[in-house]
Amino acid sequence: MKTKEDLFKKQVRHVGIMYREQTDKALQAAKDVVLWLKDRKIKCYTLPEQKAVPGTTPLKSKVSWNKIDFIIVLGGDGTYLRAASYVQGRKIPMIGFNMGSLGFLTNFSADQIHQVIEKTLEGKMELQSRTLLSAHLFRNQKKLSSFLALNDIVIERGSFSQLINTTIFSENFYVSQVKADGLIIATPTGSTAYNLAAGGPLIYPDSKSIVLTPIAPHSLNSRPLILPEDRKLSFKLEGSTHKAYFIVDGQKKLEISNNDEIMIEKSQFEHWIIRSPSHNFFHLLREKLKFGERA
């Protein structure tokens with residue numbers, strides 16, 4: 001949903017930067033953005049686990065995180081998701097600029113950087129909230145870890161040779177057992193990512209739903225399933241499946257076994273994206289996917 005509240009209740013003073021290190025274009029863009037912002041008396045921070053951009057401060061402490069007004073991402077959707085994984089439920093808006101050809105989260109082009117950031121500083125952009133999923137990993141009924149996902153959570157066989165059997169429960173009700181290469185649990189935001197590649201449906205970003213999509217299922221009876229976002233879901237490996245992988249937004253990967261249970265629900269937190277007031281999802285589909293075009 002879009003909100004009419006002001007982007008920033010105070011003057012912007014602190015901005016985080018995440019860039020795709022493997023791309024010279026992204027690094028150069030980051031350097032240019034930092035110089036441009038410093039001319040406007042705005043302090044810049046480089047997000048963790050990347051080489052610091054000259055003129056920035058590495059973003060490490062909680063104190064520094066609490067100062068950040070918004071984050072600029074220079075790369076692709078993978079870079080955006082990496083940045084989002086650090087935000088961890090904080091209400092820090094993010095704005096993405098694509099350094100390649102395809103990007104739904106980084107939907108602004110590289111030649112728009114200064115223009116879009118200027119409008120953002122002037123409060124001429126809008127905030128759009130996106131659903132986050134909260135995933136909890138239990139082993140022998142003891143919680144091991146929890147994660148937030150903006151795009152999707154994937155249970156997949158990875159390098160293991162056999163298909164995996166995954167049993168699905170919704171609010172403790174048995175749904176089905178899927179034998180496949182894996183299973184994708186996606187938000188509406190993530191419907192245009194791995195979910196789409198696996199044959200899942202496109203879902204409008206404002207929809208209050210979660211989609212479950214099998215990856216190369218063994219049976220034609222295993223189909224994508226759309227559920228209300230308020231359902232609490234759980235997943236277990238069954239039968240001869242002893243090992244699989246649990247992946248969050250393509251960033252965090254853990255090996256799991258049939259002693260584990262994954263519980264997924266809508267997070268109490270939301271993710272905030274900075275968008276143009278004229279942003280149109282259908283235009284984005286046509287631009288990025290050639291949606292609706294005849295061959």
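This is a predicted model: local features need pLDDT of at least 70, side-chain atom pairs count only at pLDDT 80 or more; totals for chains, interfaces and linings use all residues.
Partly exposed is the label for a residue between two limits: buried means under 20% relative accessible area and exposed means over 50%, using a 1.4 Å probe and protein chains only.

Residues are numbered from 1 along each chain as its sequence is written, and side-chain values use heavy atoms, with hydrogens and water left out.

**View A. Arg157 meets Asp181 in a salt bridge.** A salt bridge here is a side-chain nitrogen of Lys or Arg within 4 Å of a carboxyl oxygen of Asp or Glu. The closest N and O atoms of Asp181 and Arg157 are 3.1 Å apart. Asp181 lies in the loop between β12 (173-180) and β13 (182-186), and Arg157 in the loop between β10 (152-156) and β11 (164-170), so this pair ties together parts that are 24 residues apart in sequence. Strands are DSSP runs of E with at least two residues, helices are runs of H or I with at least four, and both are numbered from the N terminus. The count of salt bridges comes to 7.

**View B. Arg40 and Glu118 join a loop to a helix.** Their side chains meet in a salt bridge, N to O, at 3.7 Å. Arg40 lies in the loop between α1 (24-38) and β3 (43-46) and Glu118 in helix α4 (residues 113-121), so the two tie together parts 78 residues apart in sequence. Arg40 is partly exposed, with a relative accessible area of 33%, and Glu118 is partly exposed too, at 27%.

**View C. Lys232 pairs up with Glu265.** The closest N and O atoms in this salt bridge are 3.8 Å apart. Look for Lys232 in the loop between β15 (225-228) and β16 (233-237), and for Glu265 in strand β19 (residues 260-275), 33 residues apart. Lys232 has 47% relative accessibility and counts as partly exposed; so does Glu265, at 25%.

**View D. Phe97 and Phe108 make a buried ring pair.** Rings of Phe, Tyr and Trp (its six-membered ring) pair if their centres lie within 6.5 Å; planes under 30 degrees apart count as stacked, over 60 as edge-to-face and the rest as tilted. There are 6 aromatic pairs in the structure. The centres of the Phe97 and Phe108 rings are 5.8 Å apart and their planes are at 40 degrees, so this pair is tilted. Phe97 lies in strand β6 (residues 94-98) and Phe108 in strand β7 (residues 108-109).

**View E. Tyr204, Phe281 and Phe282 form a cluster of linked rings.** For Tyr204 and Phe282, the ring centres are 5.6 Å apart and the planes at 35 degrees, so they are tilted. Tyr204 is partly exposed, with a relative accessible area of 37%, and Phe282 is partly exposed at 42%.

**View F. Strand β13 is covered on both faces.** Gly182, Ile184 and Ala186 on one side and Leu183 and Ile185 on the other are all buried. Two strands pair if DSSP finds at least two bridges between them. β13 pairs with β10 in the antiparallel sense over 5 bridges, and 5 bridges also join β13 to β14, again antiparallel. Val154 stands opposite Ile184, while Leu183 has Pro214 in β14 as its bridge partner.
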